[in-house]
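Thanks for taking a look at this one with me. Below are a few numbered notes to read alongside the coordinates.

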Amino acid sequence: MPIRFKCEHCHKPLSVKETLAGKRAACPACKKPILIPAPTAAPANIEDFAAAALADPVEEAPPEPPSEIAYTCVWCDEEVKFPADLAGKQAPCPSCKRIIKVPAPKIEKKKDWRTINRDGPAAARINLPEQLEGAWGTEAKSRVARETLVEAGAIEEAPAPPVGVGGWLRRGVVGVVIVLVVVGVSVSVHRNRTRMLHKNVVEEARRTIDERNKELDPKKKPSPILWAELERAAGELQLCDKKGEAARQKFMAARGLIGRMPKEAVVDHDLFLLDLARTQLDLHGTEDQVRAKERFDWEETKASVSLFKEIVQTVQRIKSPEAAVIAVRELATELIQRKQVPLALSLASQLLPIQNEGGKPGPMTLEFAALALSYGDAKKIEGKLVPPLDPKAPLDRTTRIVYAEAAAREAAAGKRDIKAALELVKHKDGAPLDRLEAAVAVASVILSDRTNKEAATQAAPFLAEAFEARKQLGKRGLPPWLGFQLVRVGIRVPEHGAAAREVLADLPASFQGRAQLECALAKAERGEMLDAGKDLPTAEGPYRALGWIVLARQAAQHNRPLPAPDADLDDPVCQAFAHLGLALAATGSKR
């Protein structure tokens, strides 16, 4: 193809062969030397180029999906793999056996300029050409040039205005706002993550109990106390998440579930209600918490239901008079510590009609009299519920128990010495059983005061009298509920632990599981590490699983790994309740 151009001197049109491109020759017209240019390419067909750019790309065969999905477990932080068909589903972790959600696999797609991500504001510049590292653009060039002139002294730079007090205040306010925003976001993320973990733990335990409930053998079916404890623990977790009403509903559900216990399981039924009532005390909050719907007030208000009524309803469902006295004695102590003496007296008085025994003073009447003598009008009580204390008159059972417990409560309030209660317990009049009941009552009052750091030391002489009276009674003369309460308080004083375990061995079978759990609780309260094989209750009944809650909470509080379960004793229900204990430990609750 010939090269067509004009002479650069005379502008005459010329045409030469392509082989002469780049050579010099003389112009045929003006005879001056000229340089023959290179041939120019034919102009591109714009329409063909646009059509090719806008055409749909040729579809390639999609890549084969992966056969396995690699994922890091949120519970044990182990790298695990799942089959691809489990993507988006719930599955147990191969390492820690907890239920997690398998993520969907990520499929890399070929990038297309028509589906480019437009990050940033709508008016932001995108698809800017990539800048070479260290290269100068026009902006950098102008800026550097100005800096160079300033350094050379060619131009003078105006001095920066002083920041001043107002400027520093503005900077401080901006800094504080930024810090608050960052902290608020962090707290919100942590709270949402905690709620999801709590929900997963409760669902895991519920599924495990559901599976066990399908057993055909009635002896292998889970006890209703496990269902009730699951709801109570779920309420405690809701309380940690500042959801007061949701927690209250869970506690009510637990109260309803425990009602399904068979009639012969009255011990488990009554003692669970005691635990539930003590947990309900934590629903009380400050005025700000009540307004925020995080907690409740004792009495009914526009912003709150009556928490006290909820607790009374729980205690009123206790069937045995002895268990009701234990509940009122301990709940009254906690109410008094919270400056709610009238509520402590009211709690005992509301149970009087159902606890009297044929017109004679029943156990609840004696408990109410002891509270009234300590914090009420003693003149109205003496001579009506109990006779006045006469040093010259013989000391009967009623007088000994009431005045000994009243003296212990007055000693806790700093009104008198605890030795006054010990003198009443050791009084020579009366049978060994009377001394035993009075000693256990005083020891219970002392040990139920969680703020008393000297409680074990103060309770020790009373327990010494109690165990001595028990020897005089013999095995057959000790009522079961009194024996259980003797174990419950005796195991919490180290020097009487061995004697308490001897009494435990003689208790009826219906008390054995709960008494073993009390021993584990007492050891954990003293900060001694539990041994799953030695300290937890036996595999019979529901208390083995409840013991794992105690053990797991202790392990978490001491930053220790969870002990391995016993293959012969611990089933999946125990493991699920251990995970529940770990979640409860994170709430910081002392229950």
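Which residues touch the most other members of the largest nonpolar core? Before the answer, two words on the ground rules. This is a predicted model, in which local features need pLDDT of at least 70 and side-chain atom pairs count only at pLDDT 80 or more, while totals for chains, interfaces and linings use all residues. Residues are numbered from 1 along each chain as its sequence is written, and side-chain values use heavy atoms, with hydrogens and water left out.

1. **The main core.** Val-315, Phe-577 and Leu-580 touch the most other members of the largest nonpolar core, which has 131 residues. Helix α9 (residues 321–337) supplies the largest share of this core, ten residues. A core here is a set of buried Ala, Val, Leu, Ile, Met, Phe, Trp, Tyr and Cys residues joined through side-chain atoms within 4.5 Å. Buried means under 20% relative accessible area, exposed over 50%, and partly exposed in between (1.4 Å probe, protein chains only). A second, separate core has nine residues, among them Phe-82, Ala-91, Cys-96 and Ile-100.

2. **Around Leu-580.** Leaving out residues up to four places away in sequence, Leu-580 touches Val-201, Val-202, Leu-230, Ala-233, Leu-237 and Ile-549. Contact is taken as heavy atoms within 4.5 Å.

3. **The chain overall.** You will find 22 helices and eight strands in the chain; these are DSSP runs numbered from the N terminus, helices being H or I of at least four residues and strands E of at least two. Of its 591 residues, 39% count as buried. Among contacts with a separation of 6 or more, 55% come from residues 24 or more positions apart. The accessible surface is about 35000 Å², and 56% of that belongs to carbon and sulfur atoms (Shrake-Rupley method with a 1.4 Å probe; for residues, only the protein chains shown count as cover).

4. Three aromatic pairs turn up in a search of the whole structure. Rings of Phe, Tyr and Trp (its six-membered ring) pair if their centres lie within 6.5 Å, with planes under 30 degrees apart counted as stacked, over 60 as edge-to-face and the rest as tilted. Trp-481 and Phe-484 make an edge-to-face pair, 6.1 Å centre to centre with 90° between the planes. Both sit in helix α18 (residues 480–490), three residues apart, about one turn of the helix. Phe-484 is buried because its relative accessibility is 1%, and Trp-481 is buried at 11%. Trp-481 also pairs edge-to-face with Phe-511, at 5.1 Å centre to centre and 90° between the planes. That pair links distant parts of the chain, since Phe-511 lies in helix α20 (residues 509–525), 30 residues from Trp-481.

5. **A buried glutamine.** Is Gln-280 buried or exposed? Gln-280 counts as buried because its relative accessibility is 1%. This residue belongs to helix α6 (residues 266–280). Setting aside neighbours within four places in sequence, Gln-280 contacts Phe-251, Arg-255, Leu-307, Glu-310, Ile-311 and Thr-314.

6. **A valine patch.** Val-173, Val-177, Val-181 and Val-185 form a nonpolar surface patch with about 330 Å² of accessible area together. Val-177 lies in helix α3 (residues 164–213) and counts as partly exposed because its relative accessibility is 45%. Patches are made of residues with over 30% relative accessible area and no salt bridge, with like charges joined within 9 Å and nonpolar side chains (Val, Leu, Ile, Met, Phe, Trp, Tyr) within 5 Å. A salt bridge is a side-chain nitrogen of Lys or Arg within 4 Å of a carboxyl oxygen of Asp or Glu.
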